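I begin with the overall make-up and then turn to single sites.

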Amino acid sequence: MDALIKPIRPNKPSDAKLPEARPAELDPSEFLRAAVLPDQPRPSRAEAEAAVQTLLSYIGEDPSREGLLDTPRRVVEAFDELYQGYHQCPAEVLDRTFGETAGYDDFVLVRDIEFTSQCEHHMMPFYGKAHIAYTPVERVVGLSKLARLTDIFARRLQTQEHLTAQIAAAIDEVLKPRGVAVMIEAEHTCMSVRGVAKHGAMTFTSRFTGMFRDNPAEQQRFLSMVRGPNR
Ligand SMILES: [Zn+2]
């Protein structure tokens, strides 16, 4: 949405422009809890499998042929896995923090968090890496929690811009750090295997809050640590 999207070609770093800083404007109450409540009415599993049968018929298949008999069940099971983020609570992941920072006052960066998400326009995968930094005030969170947080948001229908903004806003809201920086690089299969069918085109999005938003030098330091030297 208001995160910046910059499709550029890989292997030509001179084409890469620095992402701009944008303020966080998301309402955390909209995405910090589980999106599906346990008692919320939903279609049954049988109805979901019947919908897959309909799609099989639509593409010209015979859903009753042997090779496809179990396909609706498998597809729905795959959906359960790919979209489990709707049933998970991002705020809970960040809940357990440690107060002992031993005077550490620089940012903490976790680089190269691999993820796979599904684009909300085509329900096709996009995948890549998230890089997340935050500058703790008092509370720090276990490093694996940033990867868990990324997975929860990634296992929902997404745009890359929303995924970027939601990760930043969740950390901002729960940990109340001095600032958050999130950069995501991803390849979208809706662009690489259909449509314009361009393999290898990467899309970059970024989101900065607090000291990262206000201080271009900190953005630069974050971006140079994300990009080098071991890349
Ligand atoms: Zn798409």
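I counted eight helices and eight strands in the chain, taking helices (H or I, at least four residues) and strands (E, at least two) as DSSP runs numbered from the N terminus. I noted that this is a predicted model, in which local features need pLDDT of at least 70 and side-chain atom pairs count only at pLDDT 80 or more, while totals for chains, interfaces and linings use all residues. Residues are numbered from 1 along each chain as its sequence is written, and side-chain values use heavy atoms, with hydrogens and water left out.

I then looked up burial and found that 43% of the 231 residues are buried, where buried means under 20% relative accessible area, exposed over 50% and partly exposed in between, with a 1.4 Å probe and protein chains only.

Next I went to the zinc ion, which is coordinated by C119 (SG), H122 (ND1) and C190 (SG) at 2.2 to 2.3 Å; donors are N, O and S atoms within 2.8 Å of the metal (3.2 Å for Na, K and Ca), and since water is not among the atoms, the site may look incomplete. H122 lies in the loop between strand 3 (108–119) and strand 4, and C190 in helix 6 (residues 189–192), so the pair ties together parts that are 68 residues apart in sequence. I recorded H122 as partly exposed at 36% relative accessibility, and C190 as buried at 14%.

Last, I checked G128, which lies in strand 4 (residues 125–135) and is buried at 16% relative accessibility. Its C-alpha is 8.7 Å from that of M202, 74 residues away in sequence.
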